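Me: I'd like to talk through a few details of this fold with you. Can we take it piece by piece?

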Amino acid sequence: MLPIHRRRAAAAALAAAGALVLAGLPGTAHAQADPGTSSSPSPAETAAVDRTSPEVLQAMRRDLGLTSAQAEARLVNEAEAGAVAGALRAALGRDFAGAWVHGATSARLTVATTDASDVPAIEARGARAEVVPHSVGQLDAAKAKLDRAAKKAATRDAPVWYVDVRSNAVVVRAVHAPAARSLVAAAGVDSSLVRVEKAKERPRPLYDLVGGEAYYMGGRCSIGFPITKGTQQGFATAGHCGRAGTATSGYNQVAQGTFQASVFPGRDMAWVATNSQWTATPYVKGQGGQRVGVGGSTQSPVGASICRSGSTTGWHCGTIQQHNTSVTYPEGTISGVTRTTVCAEPGDSGGSYISGSQAQGVTSGGSGDCRSGGTTFHQPINPLLQQFGLTLKTTGGGDPGPGPGDPEPGGTWAAGKVYAAGDTVTYGGATYRCLQGHQAQTGWEPPNTPALWQRA
């Protein structure tokens, strides 16, 4: 449970900076209740908001223009909103059309649906309802067609496309509009699902250049997140930084390890196994070299705050714009990345993205810089962990479990597995449905984490 001083701080922050407007949230009352009144942790406790490093809060204040109270309130609200959005996604089924937070403290959650009869159910959970023409399922299917078409079509002039739940469309950002129209036509996608936006950006991988520390392999990249694979230690990073067999040296130029597997393009994910001189820790490098603790890997919603650590530009924060984005680099198209407003520059590649204490992903590429601003894309961490069977190193400690893999639908819950929203498991003879994507940890059993699991 949240220590009493942090409970009071969270309550004060919410009161001073914009109280949570979401009614009926699982655990909302817990964060402000006297200790001992409930045994179920709130979403904010599950997300370890109370363990968010001062460096993260400082960077949020600087880059998002927040006060200290607003930064703390925002993290609490985003944790609560993620749990409500996950529950409503399960309840609405095929009608679900996306969810996002907004406001300086993320105090408002909007949930979209294709069926007006869902509005009372959405509003009963304290969220704002929006009725739209297209479900997330329809938009995801349309984007998948664009992804397939991009394997054969030239997309350098239409390099970015994604599902934008806030505008209920698949957005294609193009340097030249005809290239976007050509891609849409080649994919056979209904034009009513697509919006073309004019853009000047031509994203590229941020080569040359741990979490946030530098490492070298001919060029320079940044460590994403320390991991383990059984007894082997190492770190997750971007695929474009190296191929399997590529040797690395650390920030101090001491021999470090070897790339074990790498995917790029298509995805942008890799992992490096390190030698016995290097020890995986549950931290990324924060402002001024301070350590930032990693509590888990619960994916944050659209509109949520997010910070990045890289060896070139250090700490910077922004917000999540879209998940499930595709972007074309000179080397080819990658899909399933997240688009953010956080700036980055060459050398930041592979570095850590974190929301509060929750790992989000590793830096892939982008456009712009940290002087004039820009857009970046990160490879989400949970698919990376699942792809390579890795276990994220976290501050929770304890046995990390058997390691991730593809969860069996309806299989037994296990620590170390990576679960996506909508997955079902059994635990203690009951069936639970996953509300937010994450890698399971000991202590995060379904009955103990209502922010992540709901009885089915």
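Me: How far apart are the sulfur atoms of the disulfide that Cys221 and Cys241 form?
Reply: This is a predicted model, where local features need pLDDT of at least 70, side-chain atom pairs count only at pLDDT 80 or more, and totals for chains, interfaces and linings use all residues. Residues are numbered from 1 along each chain as its sequence is written, and side-chain values use heavy atoms, with hydrogens and water left out. A disulfide here is a pair of cysteine sulfur atoms within 2.5 Å. For Cys221 and Cys241 the sulfur atoms are apart by 2.0 Å.

Me: And what is the handedness of the disulfide of Cys221 and Cys241?
Reply: Look at the torsion about the S-S bond, which is about -90°. That value is why the disulfide of Cys221 and Cys241 is left-handed.

Me: How many disulfides does a search of the whole structure find?
Reply: The search covers the whole structure, with the Cys221 and Cys241 pair forming a disulfide. The total is 3.

Me: Is H6 roughly parallel or roughly perpendicular to H7?
Reply: Helix H6 (residues 136–150) and helix H7 (residues 177–187) pack at about 100°, with axes 8 Å apart. Axes are lines fitted to C-alpha atoms, for helices over the stretch in contact, and angles run from 0 to 180 degrees between N-to-C directions. Under 35 degrees counts as roughly parallel, over 145 as roughly antiparallel, 65 to 115 as roughly perpendicular and the rest as oblique. That makes H6 to H7 roughly perpendicular.

Me: Which residues of H7 make the contact with H6?
Reply: Contact means heavy atoms within 4.5 Å. H6 brings Lys145, Leu146, Ala149 and Ala150. From H7 come Leu183, Val184, Ala186 and Ala187.

Me: What handedness does the β-α-β crossover from E2 to E3 have?
Reply: Strand E2 (residues 108–113) and strand E3 (residues 128–131) run parallel, joined by 4 bridges. The chain goes from E2 through helix H5 (residues 119–124) to E3. With the strands pointing away from the viewer, a clockwise path from the first strand over the helix to the second counts as right-handed. This crossover is right-handed.

Notes:
Helix = DSSP H or I, 4+ residues; strand = E, 2+ residues; numbered from the N terminus. Pairing = 2+ DSSP bridges.
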